[in-house]
Amino acid sequence: MVFCFFHIFASSIFYTMKRIITITAALLMVLSAAAQMMPDSTVQIVSYWQVGDKYAYTCERSSKEVDAQGDTTSREYSMETMEFEVVGMTDETYQLKLTYKDSEYSNEMNQAIHDIMDEIAGDYSVLFSTSRMGTLMSIDNLPELTAAYEKAIGPLTDLIMKSLSPEEIEGLDLEGLMQQLMSSLANPQTIQTSILDDIGRLFFFHGARLQPGETYSMEEPLNFIMPGMEQMTAETKLWAEKDLTDSFSTVCRTYTAATIGEETMKSAISGQVNTTYDHIQMADSLRTEIGNAFDDFMNQTKIKAVWEQYTSEEIHLETGWPLSFYQDKYVLIEAGDDRQEKIESYYMEIILHE
């Protein structure tokens, strides 16, 4: 029974090694204050908000995985409303509340996690602060969000157990599973990285002063959701479209690319797999045999990861509120002769009532 479960599990692990590692990025950029459309024809994104300002956005996400033959192997989508409300301000900062509403997921597990969180915590709200320019500064209620996820570990574990066959359950360390969920799902760093994936680029240009039509380059940090991945930097090119900038709004774009080295990938994957091994009950001899086989597999397999991200955002210059936002991510994983690409798209548009 134990070997049957581990055979299924090991196959899953080897497949996971070739799956997409989602990378999220956020840069906190502060520049000197100035007006919006400057006399020298530059443009600067400045927030002119008041406590009580509230805007909602429709949000659609989609992702698909493509194999080496160019065939789509999986496809997912989700829809939700993201509502931003200015709940506080000082001479130096704004505080905003982000609430996720009416979320729907095609992925059953993601929907189940959302439903559990909704039952435990109600509407999912994030408090964050920006400078008076609108530059993102901090996530303010991480302890409360982490505590909410901790409460969800028990119900989520029950859900996972119900989805497993008796053979899969036979060798499973239930306490270890809960600990692993706690360290990944109820992890402040993981939660913050996920939030920054939603709003980091949305406020990326706030405070920046740009010459429309000119391209700028900069280095920015990448944060990984997978535990064990060390922070690295990537080059970002950013610009404001000259033909799409006027006194009403500007359209700003970014392009970021990074290649993740083989040693970094292997180290992170090995660390994650070893953590999972610790939560499976098996004889020491079998653990050693499987561990050696995995090490041999890793040593003989070339692994490469390339990550690209494109964003486009229209921002209302009089107020600094985003009007629409597009983001596309491309992550390519090559493990030996296998090739897997994941493409994620994210679209937001402000809801304006007449």
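The following exercises, with worked solutions, concern a predicted model.

In this predicted model, local features need pLDDT of at least 70 and side-chain atom pairs count only at pLDDT 80 or more, while totals for chains, interfaces and linings use all residues. Residues are numbered from 1 along each chain as its sequence is written, and side-chain values use heavy atoms, with hydrogens and water left out.

**Exercise 1.** State how many helices and strands the protein has.

*Solution.* Helices (H or I, at least four residues) and strands (E, at least two) are DSSP runs, numbered from the N terminus. The protein contains eight helices and 14 strands.

**Exercise 2.** Determine how strands E4 and E5 are arranged.

*Solution.* Step 1: two strands pair if DSSP finds at least two bridges between them. Step 2: E4 (residues 72–89) and E5 (residues 93–105) run antiparallel and are joined by ten bridges. Step 3: Met82 stands opposite Tyr100 in E5. Step 4: three residues separate E4 from E5, and the two strands form a hairpin.

**Exercise 3.** Describe helix H2, its ends and its packing.

*Solution.* Step 1: H2 (residues 108–121) has 14 residues. Step 3: just after H2, Gly122 has a positive phi of about 70°. Step 4: the buried residues (under 20% relative accessible area, 1.4 Å probe, protein chains only) of H2 are Gln111, Ala112, Ile116 and Met117. Step 5: these buried residues pack against E5 and helix H3 (142–163), where contact means heavy atoms within 4.5 Å.

Definitions and conventions:
Expected span 1.5 Å × (residues − 1). Buried < 20%, exposed > 50% of the residue type's maximum accessible area, 1.4 Å probe, protein only.
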